[in-house]
Amino acid sequence: MKVFVTGVAGQLGHDVMNELAKRGYTGVGSDIAPEYSGISDGSYVTSAEYKAMDITDEVSVNEILSFVKPDVVVHCAAWTAVDLAEDEDKQAKVRSINAKGTENIAKVCKKLDCKMVYISTDYVFDGQGTEPWVPDCKDYKPLNVYGQTKLEGELAVSSNLEKYFIVRIAWVFGLNGKNFIKTMVNVGRTHDTVRVVSDQIGTPTYTYDLSRLLVDMIETDKYGYYHATNEGGYISWFDFTCEIFRQAGISSKVLPVTTAEYGLSKAARPFNSRLDKSKLVKAGFKPLPTWQDALARYLKEAQLV
């Protein structure tokens with residue numbers, strides 16, 4: 001099986017490439033930079049075939065994918081700077097990447113009759129209430145530009161293809177890039193107290209674990225919408241920080257604050273990021289390990305403990 005992976009300079013794309021190699025599949029990595037620009041950690045992705053591709057360039061996407069002829073495209077590339085996406089001068093660019101870029105890929109996948117995996121987000125929902133969002137819920141009310149453009153990407157995939165996996169994730173962390181854990185460890189080691197939001201609820205997702213699930217998926221034809229985060233229960237960012245500090249041996253005091261008290265963010269954030277993952281088990285897929293276990297493994301891998 002040949003798999004084309006976009007966004008390999010990011011957290012998830014990096015790990016998907018390595019998971020493909022573990023199973024003996026051919027991974028072709030892609031990102032916008034002329035050469036691979038992620039971490040050089042001796043992993044497979046640094047030596048795999050790489051194709052520079054601007055997903056917003058419809059002609060280039062068609063030419064490159066038609067040349068590679070993958071069996072599957074795992075589309076990890078996206079604009080993920082949520083607050084910057086709110087700037088008026090950035091919104092056209094965000095939409096060109098998250099919506100139009102995804103549509104460009106979906107159309108070529110249709111032409112090639114190959115599978116497509118699209119990585120989406122809890123931000124397609126309005127984040128109200130306390131009930132977990134189910135994968136096939138169509139009650140979309142994104143609160144910000146990022147969420148709206150990711151929803152447009154979802155619709156581009158589902159309207160063009162039948163052989164697709166739309167996988168919504170939340171609170172992502174991995175080795176290859178910036179994330180909440182790295183930020184909190186740095187802050188905790190330089191400040192006596194840390195203020196963290198306690199009224200936004202969800203579950204973290206370790207890209208190393210998620211990559212295993214995504215490759216499990218593409219080995220099947222169990223298409224559709226899925227939610228995938230680590231197990232271990234729903235928590236707040238405050239809860240997450242407390243556990244990060246506990247496992248990392250950081251003594252800073254963590255102070256819970258409301259989203260309103262914290263302020264700062266340009267983009268509205270969902271209060272309810274609970275994602276119902278029961279469909280994974282019903283489809284025969286193995287759930288991800290607990291987030292507590294994932295955190296312990298990540299802290300060691302990232303050499304933060």
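Which residue forms a salt bridge with R95? I looked it up in this predicted model and found E152, with the closest N and O atoms 2.8 Å apart. The pair links distant parts of the chain: R95 belongs to helix 3 (residues 88-112) and E152 to helix 4 (residues 145-160), 57 residues apart. I then checked accessibility. R95 is partly exposed at 32%, and E152 also counts as partly exposed, at 22%; the buried class would need a value under 20%.

Next entry: K279 and D136. Their side chains meet in a salt bridge of 3.1 Å, N to O. K279 is in helix 9 (residues 278-282) and D136 in the loop between strand 5 (115-121) and helix 4, so this pair ties together parts that are 143 residues apart in sequence. I noted 21% relative accessibility for K279, which counts as partly exposed, and 42% for D136, partly exposed as well.

Then I turned to R23. Its salt-bridge partner is E219, with 3.2 Å between the closest N and O atoms. R23 lies in the loop between helix 1 (11-22) and strand 2 (26-31), while E219 lies in the loop between helix 6 (207-218) and strand 11 (224-227), so the bridge ties together parts 196 residues apart in sequence. R23 is partly exposed at 26%, and E219 is partly exposed at 39%.

I also followed shared partners: E19, K22, R23, R212, D216 and E219 are joined by salt bridges into one network. Last, I noted the total: a search of the whole structure finds 21 salt bridges.

Key:
Residues are numbered from 1 along each chain as its sequence is written. This is a predicted model: local features need pLDDT of at least 70, side-chain atom pairs count only at pLDDT 80 or more; totals for chains, interfaces and linings use all residues. Side-chain values use heavy atoms; hydrogens and water are left out. A salt bridge is a side-chain nitrogen of Lys or Arg within 4 Å of a carboxyl oxygen of Asp or Glu. Helices (H or I, at least four residues) and strands (E, at least two) are DSSP runs, numbered from the N terminus. Buried means under 20% relative accessible area, exposed over 50%, partly exposed in between (1.4 Å probe, protein chains only).
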